[in-house]
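Grab a pencil and have the structure open beside you. Try each exercise yourself before you read its solution.

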Amino acid sequence: MVNTKVDLLGTVIDNPVIPASGTFGFGYEFAELYDINILGTFSFKGTTKEPRFGNPTPRIAECKSGMINSVGLQNPGVDKVISEELPKLQKVFSKPVMANVSGFSVEEYAYVCEKIDKCEQVGWIEVNVSCPNVHNGGMSFGTSTDAVEKVVTAVKNVTHKPIMVKLSPNVTDIVSIAKACESAGADGISLINTLLGMRIDIKRRKPVIANKMGGFSGDAIFPVAVRMVYQVYDAVKIPVIGMGGISSAKDVIEMMMAGATAVQVGAANLVDPFACKNIIEQLPEELSKLNIKDINEIIGGAH
């Protein structure tokens, strides 16, 4: 019998497989297909202070080994997430859920996190710092050590739940950003978010996506994600959640050997809604093939 349980910032989860924010909605849609309680947990749709309709369409562009999206954080706003979405989720998911929070100012991050922190269903808060900082010319919070520290400090001052910071790969030095998160009090690091990508319609001679550029995800970014998780694991003492192009049980093992305590599955859910279920079912078999009896043995095993 293979042990797949891992300790995620003080909470033991049945396995390290977590659907990534933005690819699993608020969970109950997938509960119509299978029992989502088999998941370790999942990160629900990115939540902001006010409701957001998102970016203009088209928002999606296909690629050879992935996809580009520019959805624009479409969500009903934190008040409706708490009053409507979480009660619906509670009917189908009995485990603690991960809340993904976005903001366009330090104050907005703190406001949303303080509200979410009071929700009993929420076990962890994942702070997405890939959002444009409206008070700093639109530059992403996650591209500056100073901006990241300010967000993490503000959030930690108003919360009691574990805080994970979701980092953008669109930086020259991922390690310095991760270290800044740790020094400001982050409990864990999630990486990587999407790479910046673009497609052009050669018949129309225009970008495919209305917003011109968007987040590139899928199989093609897996090697980049593995590299960044490996680097950050060496640099910080807090746990790392790895994501980016994971679509199989073997990918999970590789990412954990790079240093991830748990993993998130994103774009694969949009290709196959049973992706996470299949990975969870295949994981013990793949571990057994490698004579691994406890999945915790492989965390950082490639270092």
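**Exercise 1.** Is glutamate 285 buried, partly exposed or exposed?

*Solution.* Keep in mind that you're looking at a predicted model.
- Start with the number: glutamate 285 has a relative accessible area of 48%.
- Now bring in the cut-offs: buried is under 20%, exposed is over 50%, and partly exposed is in between.
- So glutamate 285 is partly exposed.

**Exercise 2.** Find the salt bridge between glutamate 285 and lysine 289, and work out where the two residues sit.

*Solution.* 
- The side chains of these two meet with N to O at 4.0 Å.
- Lysine 289 has a relative accessible area of 53%, so it counts as exposed.

**Exercise 3.** Describe the salt bridge of aspartate 14 with lysine 95, and say how accessible each partner is.

*Solution.* 
- First, the general idea: side chains of opposite charge can pair when their charged atoms come close.
- Here, the N to O distance between aspartate 14 and lysine 95 is 2.7 Å.
- The pair links distant parts of the chain, 81 residues apart. Aspartate 14 is in the loop between β2 (11-13) and β3 (17-19), while lysine 95 is in the loop between α1 (78-90) and β6 (97-101).
- Aspartate 14, at 36% relative accessibility, is partly exposed.
- Lysine 95, at 18%, counts as buried.

And how many salt bridges does the structure hold? Eight.

**Exercise 4.** Work out how helices α5 and α6 pack, and what kinds of residues meet there.

*Solution.* 
- You describe two packed helices by the angle between their axes and the distance between the axes.
- For α5 (residues 222-235) and α6 (residues 249-258), the angle is about 30 degrees and the axes are 8 Å apart.
- Angles under 35 degrees count as roughly parallel, so α5 is roughly parallel to α6.
- Next, look at who touches whom: Phe222, Ala225, Val226, Val229, Tyr230 and Tyr233 from α5 meet Asp251, Glu254, Met255 and Ala258 from α6.
- Sort the residues of this contact and you get eight nonpolar, no polar and two charged.

Conventions:
Residues are numbered from 1 along each chain as its sequence is written. This is a predicted model: local features need pLDDT of at least 70, side-chain atom pairs count only at pLDDT 80 or more; totals for chains, interfaces and linings use all residues. Side-chain values use heavy atoms; hydrogens and water are left out. Axes are lines fitted to C-alpha atoms, for helices over the stretch in contact, and angles run from 0 to 180 degrees between N-to-C directions. Helices (H or I, at least four residues) and strands (E, at least two) are DSSP runs, numbered from the N terminus. Angles under 35 degrees count as roughly parallel, over 145 as roughly antiparallel, 65 to 115 as roughly perpendicular and the rest as oblique. Contact means heavy atoms within 4.5 Å. Ala, Val, Leu, Ile, Met, Phe, Trp, Tyr, Cys and Pro count as nonpolar, Asp, Glu, Lys and Arg as charged, and the others, Gly among them, as polar. Buried means under 20% relative accessible area, exposed over 50%, partly exposed in between (1.4 Å probe, protein chains only).
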